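Here is a short tour of a model, written for someone who likes to know the cut-offs behind the words. Have the viewer open and follow along.

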Amino acid sequence: MAKKSTSSSSKGKSKVHKVMKEHKEGTLKSGSGKKVKSRKQAVAIALSEARKSGAKIPEKKKSS
């Protein structure tokens, strides 16, 4: 039986799960090295990392 390849959506889910778990534990850090306290900021970091890993996540909507 052939091995099932991981889809881009499962890549994204696992990356977001990992980052949000770090946030909950208090070990998530931003690019500047400071601890992330805001849940919104943690979500933004998670989606950014998921995009970098190749997950098909739409870009942030721009307000007009």
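## Ground rules and overall layout

Helices (H or I, at least four residues) and strands (E, at least two) are taken as DSSP runs, numbered from the N terminus. On that basis the protein chain has two helices and zero strands. This is a predicted model, where local features need pLDDT of at least 70 and side-chain atom pairs count only at pLDDT 80 or more, while totals for chains, interfaces and linings use all residues. Residues are numbered from 1 along each chain as its sequence is written, and side-chain values use heavy atoms, with hydrogens and water left out.

How much of the chain is buried? Of its 64 residues, 17% count as buried. The word buried stands for under 20% relative accessible area, exposed for over 50%, and partly exposed for what falls in between (1.4 Å probe, protein chains only). The accessible surface of the chain comes to about 5,600 Å², and carbon and sulfur atoms supply 54% of that. Areas like this come from the Shrake-Rupley method with a 1.4 Å probe; for residues, only the protein chains shown count as cover.

Now for contacts, meaning heavy atoms within 4.5 Å. Take those between residues at least 6 apart in sequence: 37% of them join residues at least 24 apart.

His 23 sits in helix H1. Buried or exposed? His 23 is buried, because its relative accessible area is 16%. Set aside neighbours within four places in sequence, and His 23 is in contact with Leu 28, Val 36, Lys 37, Ser 38, Arg 39 and Ala 42.

Lys 21 also belongs to helix H1, but it is partly exposed, at a relative accessible area of 48%.

## The loop and its positive patch

Between helix H1 (8-25) and helix H2 (39-52) there is a loop, and Lys 29 is found in it. Lys 29 is partly exposed, given its relative accessible area of 49%. Together with Lys 34, Lys 35 and Lys 37, Lys 29 forms a positive surface patch. Patches are made of residues with over 30% relative accessible area and no salt bridge, with like charges joined within 9 Å and nonpolar side chains (Val, Leu, Ile, Met, Phe, Trp, Tyr) within 5 Å. For the bookkeeping, Lys and Arg count as positive and Asp and Glu as negative, while His and the chain ends are not counted. The place of a charge is NZ of Lys, CZ of Arg, CG of Asp or CD of Glu.

Ser 30 is in the loop between H1 and H2 too. What does Ser 30 touch, not counting residues up to four places away in sequence? The list is Val 36, Gln 41 and Ile 45. For Ser 30 and Ile 45, 15 residues apart along the chain, the C-alpha separation is 7.8 Å.

## Salt bridges

How many salt bridges does a search of the whole structure find? It finds two, where a salt bridge is a side-chain nitrogen of Lys or Arg within 4 Å of a carboxyl oxygen of Asp or Glu.

One of them pairs the side chains of Lys 18 and Glu 22, at 3.3 Å from N to O. The two residues are separated by about one helical turn because they are four residues apart in helix H1. Lys 18 is partly exposed at 41% relative accessibility, and Glu 22 is partly exposed at 24%. Another salt bridge links Glu 59 with Arg 51, with 3.7 Å between the closest N and O atoms. Here Glu 59 is exposed, with a relative accessible area of 61%, whereas Arg 51 counts as partly exposed at 25%.

## After H2

Lys 56 lies in the segment after H2 and counts as exposed because its relative accessibility is 75%. Lys 56 and Lys 11 are 45 residues apart along the chain, yet their C-alpha atoms are separated by 9.0 Å.

Lys 60 is in the segment after H2 as well, and at 72% relative accessibility it counts as exposed. From Lys 60 to Ser 48, twelve residues apart along the chain, the C-alpha separation is 9.9 Å.
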